[in-house]
Amino acid sequence: MYAYIRGTIAAVSEDSVVIDNQGIGYRVFVPSSVSEAVSVGCVETLYTHFAVREDAMQLYGFLSEDDLNMFRLLLGVSGIGPKGALGILTVMNADDLRFAVLSDDAAGIAKAPGVGKKTAQKVIIELKDKLDLQDAFELKAAHTAAKAKTEGNSADSEAVLALTALGYSNSEAYKAVRKVSGDLPDADTETLIKAALKELF
């Protein structure tokens, strides 16, 4: 029903965010990797899965279509519901999960909250035929290249480094720079640092 929602992050909690799109606030359940990467005021695109049960209708969201696709693959495993799938993608991203399945790493998958060794083995058995090692390596390489390109925005990365040198945590610095760089796409390092410091005070 919803392929994605683009809007302003209005609230962030450990397991969900509220994203405002044209005055409507959508509560979207997310893995911790998403809730830690976004902050209130940021404009984000969340790729979503709409789950309908007898007693609830809920949205689940991810920062990439790849994570969303892995979430849907996990939902196809017998005994894995949205909460379990989200838990697995909280402890590992789509790339890590693919390699865990292909290398029979049940212990790694079982680190997810509420997922035992038996369930982890079931994930491996049911997904192994749906994944390809060559594709896994190609996707990992593509994601690494994309990340390097993003982090290669020298003004952003230099601003984060400068803030951490001032005593802020990596998470605080990254969130602040990410928030202001959206409004100042062509800003130099000094401008980003000043704007980010205003966010942090």
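This is a predicted model: local features need pLDDT of at least 70, side-chain atom pairs count only at pLDDT 80 or more; totals for chains, interfaces and linings use all residues.
**Entry 1: the whole protein**

I started with the secondary structure and counted 10 helices and 5 strands in the protein. Next I looked up the radius of gyration, which is 18 Å. The globule rule gives 17 Å for 201 residues, so I noted the protein as being as compact as a globular protein of that length. Along the principal axes, the C-alpha atoms fill a box of roughly 50 × 40 × 25 Å.

Then I checked burial and contacts. Of the 201 residues, 39% count as buried. I also took the contacts between residues at least 6 apart in sequence, and 52% of those join residues at least 24 apart.

**Entry 2: helix H6**

Which residues of helix H6 are buried? I went through residues 117-127 and got Ala120, Val123, Ile124 and Leu127. Looking down the axis of H6, I found these buried residues within an arc of 95°, so they line one face of the helix. That pattern made sense to me: an α-helix has 3.6 residues a turn, so residues three or four places apart point the same way.

I turned to the other side as well. The face of H6 pointing away from the buried side carries Lys118 and Ile125, both exposed.

I looked up the second largest pocket and wrote down a volume of about 420 Å³. It has 21 lining residues, and the closest to its centre are Lys83, Gly84, Leu86, Gly87 and Pro113. Two elements give two or more residues to the lining, strand S5 (57-62) and H3. Which element supplies the largest share of that lining? I found that H3 does, with 5 residues.

I picked Thr48 from strand S4 (residues 43-52). Buried or exposed, I asked of Thr48? Its relative accessibility is 0%, so Thr48 counts as buried. Skipping residues up to four places away in sequence, I listed what Thr48 touches: Tyr2, Ala3, Tyr4, Ile5, Val28, Leu59, Tyr60, Gly61, Leu68 and Arg72.

I then moved to Glu44, which is also placed in strand S4. With a relative accessible area of 6%, Glu44 falls under the 20% cut-off, so I put it down as buried. With neighbours within four places in sequence left aside, Glu44 is in contact with Ile5, Arg6, Gly7, Ile9, Ile19, Val38, Leu63 and Arg178. Ile5 turns up in my list for Thr48 and in the one for Glu44.

**Entry 3: Ala159**

My last stop was Ala159, found in helix H8 (residues 154-165). Ala159 has 0% relative accessibility, so I count it as buried. Which residues does Ala159 contact, leaving aside its neighbours within four places in sequence? I got Val177, Thr189, Leu192 and Ile193.

I followed up on Leu192. Ala159 and Leu192 are 33 residues apart along the chain, and their C-alpha atoms are separated by 6.3 Å.

Definitions and conventions:
Residues are numbered from 1 along each chain as its sequence is written. Side-chain values use heavy atoms; hydrogens and water are left out. Buried means under 20% relative accessible area, exposed over 50%, partly exposed in between (1.4 Å probe, protein chains only). Helices (H or I, at least four residues) and strands (E, at least two) are DSSP runs, numbered from the N terminus. The arc is that of the directions from the helix axis to the C-beta atoms. On a 1 Å grid over the protein atoms alone, a cavity is a set of points where a 1.4 Å probe fits but cannot get out, and a pocket is an open set with protein on both sides within 12 Å along at least five of seven lines; lining residues have an atom within 4 Å of a point. Grid points are joined across faces, edges and corners, and a volume is the space filled by probe spheres set on the points. The radius of gyration is taken over C-alpha atoms; the globule rule is 2.2 Å times the number of residues to the power 0.38. Contact means heavy atoms within 4.5 Å.
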